[in-house]
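Here are some notes for a first reading of this model. Please keep the sequence and the structure open while going through the points.

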Amino acid sequence: LFRSCARILLFIATRMKPSASTANGQEVPSSVVTKLTVLGATGSIGLNTLEIVRQFPHKFKIEALSCRSSIERLVEQIKEFQPRLVCVDNSEQARELRETFRDRNSGTETEFVWGVEGLIQISSDPEVDLVVAGIVGAAGLQPTFSAVQAGKTVAVANKEPLVMAGELFVQTANKTGAKLLPTDSEHNAIFQVLHGEPPERIARLILTASGGPFRDLPLKEFEKITLAEALSHPNWEMGQKISIDSATMMNKGLEIIEAHWLFNTPVENIDVLMQRESIIHSMVEFIDGSFLAQMGLPDMRVPIAYCLGWPERLPLKIPRLDPLSMSALHFEKIDPQRYPCLPLAIKVAKQGGAAPAVLNGANETVVTAFLGEEIRFVEIAETIAAVIKDFEKALHQVDVPSFLRKIRTLEDAEHADKWGR
Ligand code: NAD
Ligand code: MG
């Protein structure tokens, strides 16, 4: 009898999931722990994500981290979060980190992988529940897509892959059961506001824009804009590429395309308004004339935490909005002369097909050139407009490649992006 009881107890013990302990010592079953991959862990989205994980150590476990630059920051993150997998840019970086962590004898058993293959591995790892897509630009296309193919919940901050291949992402998510959680602040606001209401009830989505650093600069001074001026956003602290996109308002153009796919809403029903305080993060006008908006201080931890905790809300410790401190909220029309990238992106959004991927490739190239101080600020919009003109001409040629007509595969998106570049 004793031996049978012991065997039964052993059986139960091996079947039970291990538990994690919380900061206040409570035991929490591991089934409630969400296992995360953070793509772009050393960037602005990545750092905000890790700050939330730090606040809720009993709810989240970091399984995998990735970055391309800021390796010192990554080393600190590995020591703190002890991920099982880490992906870096190249084999040399991976080898050095392996050495570092062997020498340190830190007790972590981290596997170091690299390159696109490594990113795909950590995005689709069977142990991972949720992938935070925080890489910047088209570089996030393959890893984000592999997370969707693997049926993961994906917190989509990295908007460029959706711009390039939105239809493919949505179709694939429908097949695999992957969930695309809108993490960009405007889209997260709409996600919170819609709360499952079907697209038929949406009359209009209104994306808000701060206007960036040049919202009041006289137009004749645009010729002299410096890189430092363009990088200093009045309301948000973000990575360099999105800061420039905000200054040109290409960011809002990309966000229209992103919203079109995430909320199954025609581009014609998506508007943009300037909201200089960045307190109203976006609004939905419903068919019955109701407007619902989401408000809060401009703090990316709110939308990221909403996605990490979804469908619950996390009791986030952050500075709160005091409505009494707001003397006014301003709404203004967007001036197309000040922000020529916005009407250009809207035209492209309406064209659909490969046009958004071409636009995105062109934009990334000219923004990189501006960041390298190779071109002037005003040349960003001029160059992209010229590329779109060429693209329209190419569409009328008899031998137009099929990837310029429609994006059917990930390779099509990559080819269209390259064409734009
Ligand atoms: P960032 O430049 O601060 O960070 C980018 C991260 O990706 C870094 O960890 C970097 O090492 C990594 N990375 C860069 N290039 C890479 C490559 N080729 N391969 C692999 N990894 C690479 O960028 P960010 O501001 O955090 O933005 C990330 C994404 O989130 C962008 O698509 C941006 O549009 C979107 N987003 C950002 C914010 C924000 O507040 N920062 C808000 C909304 C949306
Ligand atoms: Mg945004």
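1. A definition comes first: two strands pair if DSSP finds at least two bridges between them. As a general rule, strands of a sheet pair through backbone hydrogen bonds, either parallel or antiparallel. Bear in mind throughout that this is a predicted model.

2. In what order do the strands of the four-stranded open sheet stand? The order is β11-β10-β12-β13, and the pairing is mixed. The edges are taken by β11 (270-274) and β13 (291-295); each has a single partner strand, so one side of each has no neighbour in the sheet. From one strand to the next, the twist averages 20 degrees.

3. Look next at one pair in this sheet. Strand β10 (residues 202-209) runs parallel to β11, and five bridges join the two.

4. Two helices deserve a look here. Helix α8 (residues 185-194) packs on this sheet and touches β10, β12 (280-286) and β13. The direction of α8 makes about 45 degrees with that of β12. Helix α11 (residues 250-262) also packs on the sheet, where it touches β10 and β11. Between the directions of α11 and β10 the angle is about 150 degrees.

5. Another open sheet has seven strands, ordered β6-β5-β4-β3-β7-β8-β9, with parallel pairing. Which strands stand at its edges? They are β6 (111-114) and β9 (179-182), and because each has a single partner strand, one side of each is left without a neighbour in the sheet. The twist in this sheet averages 25 degrees from one strand to the next.

6. Val86 has Phe112 in β6 as its bridge partner.

7. Now the ligand. There are 23 residues around ligand 1, and Thr42, Ile45, Arg68, Glu160 and Gly239 come nearest. By class, this shell consists of 10 nonpolar, nine polar and four charged residues.

8. Which backbone atoms lie close to oxygen atoms of ligand 1? A backbone N or O atom of Arg68 is 2.9 Å from an oxygen atom of the ligand. For a polar backbone atom of Ser69 the distance to a ligand oxygen is 3.1 Å, and for one of Gly40 it is 3.4 Å. On its own, ligand 1 has 830 Å² of accessible area, of which the protein covers 89%.

How values were computed
Residues are numbered from 1 along each chain as its sequence is written. Chains are lettered from A and ligands numbered from 1 in the order in which they are written. This is a predicted model: local features need pLDDT of at least 70, side-chain atom pairs count only at pLDDT 80 or more; totals for chains, interfaces and linings use all residues. Side-chain values use heavy atoms; hydrogens and water are left out. A residue is near a molecule or strand if one of its heavy atoms lies within 4 Å of it. A polar contact is a pair of N or O atoms within 3.5 Å; within protein, one must be able to donate a hydrogen and the other to accept it, and residues adjacent in sequence count only if both atoms are side-chain atoms. Accessible areas come from the Shrake-Rupley method with a 1.4 Å probe; for residues, only the protein chains shown count as cover. Ala, Val, Leu, Ile, Met, Phe, Trp, Tyr, Cys and Pro count as nonpolar, Asp, Glu, Lys and Arg as charged, and the others, Gly among them, as polar. Axes are lines fitted to C-alpha atoms, for helices over the stretch in contact, and angles run from 0 to 180 degrees between N-to-C directions. Contact means heavy atoms within 4.5 Å.
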